[in-house]
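I would like to take you through one model, from its annotated segments to a few individual residues.

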Amino acid sequence: MTDLQACSLNVRKIISSVLFLLFYPTIVSCECTCEVEDLKHDKGEALKYKLGSILSILVAGAIGVGLPLLGKKIKALSPENDIFFMIKAFAAGVILATGFIHILPDAFDSLTSPCLAQNPWGDFPFTGFVAMMTAIGTLMVDTYATGFYKRMHFNKSKPVNTTDEETAGAHEGHVHVHTHATHGHAHGSASPEEDLALSELIRRRIISQVLELGIVVHSIIIGISLGASESPKTIKPLMVALSFHQFFEGMGLGGCITLAQFKSTSMAIMATFFSLTTPVGIAVGIGISSIYNENSPTAQVIEGILNAASAGILIYMALVDLLAADFMSPRMQSNLRIQLGANVSLLLGAGCMSFLAKWA
């Protein structure tokens, strides 16, 4: 072989390699289809695992959300204790990992699926946009709701001021005023310290309600996905992983509900609602399993948008309302032992929840 022929052969090889590298991604993308993965389906066995999942996840969620609520009965679990502070940091890590590791990647997968049309779903990052707008919306709701309840309370507790009024006396820190104009009475008994405590309580109640909304949306979606599956091989690891998932999420939500100091009836309703959402989602999934196709464009869009919204809510709540509020508090900053314990608990909670992403 002459040098010219050898050189020509090398050039052809280089050109072939370049063309392969250029067109290989296109070839791979063309192989992506919307067909359901070929898994072994056994509807009878799958149904048994689904029913087992309902019971397992219901119990795990109830225990997780119930443990912090027992703080009113068990002194060791009281919100004033350092141990509860560590538990709350652990739960905040779980919620943060749920948003970043579990929900947001699922939303990206759904809204960038090859089943969806390139225009508009492939031309714009809808997942990040929806998550961002939901986080901003949560901030607005948080701010306006807190301000509304503060104004409502302070307007009620504000003493009546007229030009013609007499002070009848002061009793135990509150002013008793008799007015000739109205022949009524007004009591201004809230000190600045009490106003501050009330403001913090209102904020905690709003936090717990918005947090539950974000968790519930996600719980229903994963419940429907599990219930609609017909593969025991898929359901078995999900049953275990989601049980731990609900347990840890329940601890986070239960801690927020406890700090909000709701009445016992309200606490029970919120805890029950959380515990039932995933099992109800599984039951709905079982009911629609014959007609539900999780790879259809409509299902992908709905799941993707709801997951992205849920992720935005949870990430905002975990970072702003749970972690920032606690980690910047005077109590933590003045106690090195609490700081170290809370940081370790945060990393442990986020790590455990991230590890579960291998299965669910």
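**Annotated spans and overall architecture**

Let me begin with residues 240–260, a span that is 100% helix and 0% strand, with its end C-alpha atoms 31 Å apart. Helices here are DSSP runs of H or I with at least four residues, strands are runs of E with at least two, and both are numbered from the N terminus. Residues 83–104 give 100% helix and 0% strand, and the end C-alpha atoms of that span lie 31 Å apart.

Both spans come from the UniProt annotation "transmembrane region", taken from an unreviewed entry, which also covers residues 54–71, 124–149, 210–228, 267–292, 304–324 and 336–357. UniProt positions are given in the numbering used here, feature names are shortened, and such annotations may be inferred rather than shown by experiment.

A word on the basis of these values. This is a predicted model, in which local features need pLDDT of at least 70 and side-chain atom pairs count only at pLDDT 80 or more, whereas totals for chains, interfaces and linings use all residues. Residues are numbered from 1 along each chain as its sequence is written, and side-chain values use heavy atoms, with hydrogens and water left out.

The protein contains 11 helices and three strands, in the order α-α-α-α-α-β-β-β-α-α-α-α-α-α along the sequence. Of its 360 residues, 40% are buried, where buried means under 20% relative accessible area, exposed over 50%, and partly exposed in between, with a 1.4 Å probe and protein chains only.

On confidence, pLDDT is the predictor's confidence in each residue, from 0 to 100. The protein has a mean pLDDT of 74, and 73% of its residues reach 70 or more. Helix α11 (residues 336–356) has the highest confidence, at 89, and strand β2 (residues 174–179) the lowest, at a mean of 44. The pLDDT is also below 50 over residues 162–188, a stretch with 41 contacts in the model beyond near neighbours in sequence; contact means heavy atoms within 4.5 Å. Where pLDDT is low, the predicted coordinates should not be read in detail.

I turn now to individual residues. Is Lys-50 buried or exposed? Lys-50 counts as buried because its relative accessible area is 3%. This lysine sits in helix α2 (residues 43–69). Beyond its neighbours within four places in sequence, Lys-50 is in contact with Leu-226, Gly-227, Ala-228, Ser-229, Glu-230, Ile-235, Ile-282, Ile-286 and Ser-289. Lys-50 and Met-239, 189 residues apart in sequence, are 8.0 Å apart in space, C-alpha to C-alpha.

Gln-300, in helix α9 (residues 297–327), is likewise classed as buried, because its relative accessibility is 8%. Leaving aside neighbours within four places in sequence, its contacts include Asp-109, Ser-110, Leu-111 and Glu-294.

Phe-129 belongs to helix α5 (residues 126–157) and counts as partly exposed because its relative accessibility is 38%. Together with Phe-124, Met-132, Met-133, Ile-136, Met-140 and Tyr-144, Phe-129 forms a nonpolar surface patch with about 700 Å² of accessible area. Patches are made of residues with over 30% relative accessible area and no salt bridge, with like charges joined within 9 Å and nonpolar side chains (Val, Leu, Ile, Met, Phe, Trp, Tyr) within 5 Å. A salt bridge is a side-chain nitrogen of Lys or Arg within 4 Å of a carboxyl oxygen of Asp or Glu, and accessible areas come from the Shrake-Rupley method with a 1.4 Å probe, where for residues only the protein chains shown count as cover.

Finally, the peptide bond from Asn-119 to Pro-120 is cis, with omega near 10°, and Pro-120 lies in helix α4 (residues 118–122).
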